[in-house]
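Please check each point against the structure shown here.

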Amino acid sequence: AAKLVRFHGNLAAAWLALDADLSGSISLKEIDEEANECLVEFKRWADSEFGGVHSTFKVLDSDGSGSLNFREFKAACRTYGFTGDCTLAAFGELAVLFL
């Protein structure tokens, strides 16, 4: 992954800087706590309303295309009552494909 993004610095030091709890893995919460909270809130809503995220996206895909762009996602969330903030970076570049 470091080669893919052309990172040539000290990989071990970079990992330690990102791994705040020294667990050996890096979570979204460690990198962007606000985005993490937004996604957790969405997952709770999806689980509660539709039985899971996969089922949620099937319902939100009103045209049956198998994908949602951000505009469709945001409108469908409003229609189905998700009151969380869909504008956070966690959703800002969302282009979801599912089967």
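1. Phe42, Trp45, Phe50, Phe57, Phe73, Tyr80 and Phe82 are joined by ring pairs into a cluster. Rings of Phe, Tyr and Trp (its six-membered ring) pair if their centres lie within 6.5 Å; planes under 30 degrees apart count as stacked, over 60 as edge-to-face and the rest as tilted. The structure has 8 aromatic pairs.

2. On the basis of the model: it is predicted, local features need pLDDT of at least 70, side-chain atom pairs count only at pLDDT 80 or more, and totals for chains, interfaces and linings use all residues. Residues are numbered from 1 along each chain as its sequence is written, and side-chain values use heavy atoms, with hydrogens and water left out.

3. The protein chain contains 6 helices and 2 strands, in the order α-α-α-α-β-α-α-β along the sequence. Helices (H or I, at least four residues) and strands (E, at least two) are DSSP runs, numbered from the N terminus. Contacts between residues 24 or more positions apart make up 43% of those with a separation of 6 or more in the protein chain, a contact being heavy atoms within 4.5 Å.

4. The protein chain has 99 residues, of which 26% count as buried. Buried means under 20% relative accessible area, exposed over 50%, partly exposed in between (1.4 Å probe, protein chains only).

5. Does the length of helix 3 agree or disagree with its residue count? The 18 residues of helix 3 should span 26 Å at 1.5 Å a residue, and the end C-alpha atoms are 25 Å apart, which agrees. The expected span is 1.5 Å times one less than the number of residues. Just after helix 3, Gly51 has a positive phi of about 85°.

6. The buried residues in helix 3 are Ala35, Asn36, Cys38, Phe42, Trp45, Ala46 and Phe50. Asn36 belongs to this helix, which covers residues 33-50, and has a relative accessibility of 15%, so Asn36 counts as buried. Leaving aside residues up to four places away in sequence, Asn36 touches Leu28 and Lys29.

7. For Phe42 and Phe57 the ring centres are 5.9 Å apart and the planes are at 45°, so the pair is tilted. Phe42 is buried at a relative accessible area of 5%, and Phe57 is buried at 10%.

8. The rings of Phe50 and Tyr80 have centres 5.7 Å apart and planes at 75°, so this pair is edge-to-face. Tyr80 is partly exposed, at 39% relative accessibility.

9. How many salt bridges are counted? The count is 1 salt bridge, with the rule being a side-chain nitrogen of Lys or Arg within 4 Å of a carboxyl oxygen of Asp or Glu. Asp47 pairs with Lys43, and their closest N and O atoms are 2.7 Å apart. Both residues lie in helix 3, 4 residues apart, about one turn of the helix. An α-helix has 3.6 residues a turn, so residues three or four places apart point the same way. Asp47 is partly exposed at 34% relative accessible area, and Lys43 is partly exposed at 44%.

10. Positive phi values also occur in residues other than glycine. Arg6 has a phi of about 60°, lies in the segment before helix 1 (11-18) and is exposed, with a relative accessible area of 69%. Leu22 has a positive phi near 55°; Leu22 sits in the loop between helix 1 and helix 2 (28-31) and is exposed at 62% relative accessibility.

11. The UniProt record, an unreviewed entry, carries the annotation "domain: EF-hand" for residues 48-83. UniProt positions are given in the numbering used here, feature names are shortened, and annotations may be inferred rather than shown by experiment. In the model, the end C-alpha atoms of residues 48-83 are 13 Å apart, and the span is 58% helix and 6% strand.
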